[in-house]
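Work through the exercises below with the structure in view. Try each task before reading its solution.

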Amino acid sequence: MAFEPPQRLVRALGETAPDGDDWLEKLPEAAQRAVALRELTVERVQVPGGRSSLVMLVRRADGTPAVLKLAPSRARPESERAALAHWDGLGAVELLDPVADDGALLLERLHPDVSVRSLPEARALLEAAGTLRRLWVAPPAGDAAHPFETVAERTGRQAAAMRASAVADPEAAPLVDAALAAREELLVDPPEQRLLHGTFRQSKVLAGDRMPWLAVGPDPVVGECAFDLARLVRDRVEDLIATPSGAATTRRRVKRLAESLDVDQERLRGWTLFRAVESGVRALRVGRVRDAELLLEFASWL
């Protein structure tokens, strides 16, 4: 069959990946090879799919349903493989071919159209937080260093881009300065080092069969738990912005999530500020003005 990438993926790679066109050109052949290597039968490409990978619903040779995921190297698929192997199905989707080396991931089939985002907000936050807690484990131990980027390393790259954006857009400069100051303070003495999902939000938690909810699509990083929880704080940001009580609701959400997951409230507030501003100025750089406005207004409440 033809492996046509969803338009959402094409647009996202056009925004963020200079090598995206080359990867997209090679994608049909790479998908054919990955399918043949694993003796899979393809049912369909998942649409609209993600912003960094092609996801196909497949069946294995014995008829077992599964998912095949292909992503460009800048999406760090091998880092995702290592994290899923380390979690071994606890709180996250199960990796079905942990030793494959072609860059494709064969994963347990969940229910791709049912995420915790489909639940009422309070229940969604509760279920998402419970799933996230299970992922916070010590990184792999051993003689060799773990294969994951650290929070300091990832946010260091992001901070450099944020400084450049502040120069180009003086209106965003005060928020950028506040976010960068928060980052510097938070990196001084982190309370723990855990393997984190890295890009956790409600839409990254799907319904499963062996467990009610399982996380998918990590961009793993090692650092403190508050960094991981920060992205969850701003879930449904468009709804928060649309309500007169959005600022108060956000502050209550920070407090509630911090208390429920034993995370320091001020550290969670600081990482929420940094991550919201980073996402906002990145949206500005690629022309997603409306997204940027929402995120920067949200950040101003913190």
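**Exercise 1.** How are helix 10 and helix 11 oriented to each other: roughly parallel or roughly antiparallel?

*Solution.* The model is predicted: local features need pLDDT of at least 70, side-chain atom pairs count only at pLDDT 80 or more, and totals for chains, interfaces and linings use all residues. Residues are numbered from 1 along each chain as its sequence is written, and side-chain values use heavy atoms, without hydrogens and water.

Step 1. Locate helix 10 at residues 265–285 and helix 11 at residues 289–300. Helices here are DSSP runs (H or I, at least four residues), numbered from the N terminus.

Step 2. Take the angle: about 155 degrees, with the axes 8 Å apart. Axes are lines fitted to C-alpha atoms over the stretch in contact, and angles run from 0 to 180 degrees between N-to-C directions.

Step 3. Apply the cut-offs: under 35 degrees is roughly parallel, over 145 roughly antiparallel. Helix 10 and helix 11 are therefore roughly antiparallel.

**Exercise 2.** Which residues of helix 10 and helix 11 make the contact?

*Solution.* Contact means heavy atoms within 4.5 Å. Helix 10 supplies Thr272, Leu273, Ala276, Val277, Ser279, Gly280, Ala283 and Leu284. Helix 11 supplies Asp291, Ala292, Leu295, Leu296, Phe298 and Ala299.

**Exercise 3.** Where does Asp264 lie, and is Asp264 buried, partly exposed or exposed?

*Solution.* Step 1. Asp264 sits in the loop between helix 9 (246–260) and helix 10.

Step 2. Its relative accessible area is 43%. Buried means under 20%, exposed over 50%, partly exposed in between (1.4 Å probe, protein chains only). Asp264 is therefore partly exposed.

Step 3. Look back along the chain: the C-alpha atoms of Asp264 and Val254 are 9.8 Å apart.

Methods
Helices (H or I, at least four residues) and strands (E, at least two) are DSSP runs, numbered from the N terminus. Angles under 35 degrees count as roughly parallel, over 145 as roughly antiparallel, 65 to 115 as roughly perpendicular and the rest as oblique.
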